[in-house]
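Visitor: I would like to learn how to read a protein structure, taking one feature at a time. Could you guide me through this one?

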Amino acid sequence: MRIIGLDVGEKTIGVALSDGLGLTAQGVEVIRRASRAQDIARLQELIEANDVSQIVVGLPKNMDGSIGARAQTCQSFALEMEKALGLPVILWDERLTTVAAERTLLSADVSRKKRKQVIDKLAASLILQAFLDAQRRNTHA
């Protein structure tokens, strides 16, 4: 069973998947937001095609740890997904993942146009990888 990681934004949703062992995360695609129903329908397709058992959604907390408007929107979307898809949804603190993704792409000398196309997918990968690493640390502690 695999885990899907999501970076939910206003215009796009970055999607990443774990490998079968839950060790690594790979970016899969960027979903252009249409409506919640269409977004969830596309996620359902990905979940069914990849034998997903769990969903991790990045929670964009403020730097002081508080929950702002964007985080509330993510929480609402996560609840809706949990009901519609029947899978557990975990909210994962994603502070600075988009910044880290941007830095990674800049250091790799990726053009501005290309960065725009892949940043959400990379952010989803970073969110999911952080979750997988924490799970592994907790099981070995």
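This is a predicted model: local features need pLDDT of at least 70, side-chain atom pairs count only at pLDDT 80 or more; totals for chains, interfaces and linings use all residues.

Visitor: Which strands pair with E1, and in what sense do they run?

Guide: Helices (H or I, at least four residues) and strands (E, at least two) are DSSP runs, numbered from the N terminus, and two strands pair if DSSP finds at least two bridges between them. Here E1 and E4 pair in the parallel sense over 5 bridges, with isoleucine 4 standing opposite isoleucine 55 in E4. E1 and E2 run antiparallel and are joined by 5 bridges; valine 8 has isoleucine 13 in E2 as its bridge partner, and a hairpin of 3 residues connects E1 to E2.

Visitor: Which residues touch the most other members of the largest nonpolar core?

Guide: In soluble globular proteins, nonpolar side chains tend to be buried together. A nonpolar core is a set of buried Ala, Val, Leu, Ile, Met, Phe, Trp, Tyr and Cys residues joined through side-chain atoms within 4.5 Å. The largest one here has 23 residues, and those touching the most other members are Ile4, Leu6, Val15, Leu43, Ile55, Val57 and Met81. At least two residues of this core come from each of strand E1 (2-8), strand E2 (12-18), helix H1 (36-49), strand E4 (52-59) and helix H2 (69-85), and H2 gives the most, with 6 residues. There is also a second, separate core of 9 residues, including Ala16, Ala25, Leu128 and Phe131.

Visitor: What does serine 18 contact, leaving aside its neighbours within four places in sequence?

Guide: Contact means heavy atoms within 4.5 Å. Serine 18, which is found in strand E2, is in contact with Arg2, Ile3, Thr24, Ala25, Gln26, Leu128 and Leu132 once those neighbours are left aside. Serine 18 counts as buried because its relative accessible area is 0%.

Visitor: How many salt bridges does the structure hold?

Guide: Side chains of opposite charge can pair when their charged atoms come close. A salt bridge is a side-chain nitrogen of Lys or Arg within 4 Å of a carboxyl oxygen of Asp or Glu, and the structure holds 5 of them. In one, glutamate 80 meets arginine 36 (2.8 Å, N to O), and this pair links distant parts of the chain, since glutamate 80 lies in helix H2 and arginine 36 in helix H1, 44 residues apart. Glutamate 80 is partly exposed at 32% relative accessible area, as is arginine 36 at 27%.

Visitor: Where do aspartate 133 and arginine 136 lie?

Guide: Both lie in helix H4 (residues 112-140), 3 residues apart, about one turn of the helix, and aspartate 133 forms a salt bridge with arginine 136, with the closest N and O atoms 2.7 Å apart. Finally, Glu29, Arg42 and Glu45 are linked in a network of salt bridges.

Technical notes:
Residues are numbered from 1 along each chain as its sequence is written. Side-chain values use heavy atoms; hydrogens and water are left out. Buried means under 20% relative accessible area, exposed over 50%, partly exposed in between (1.4 Å probe, protein chains only).
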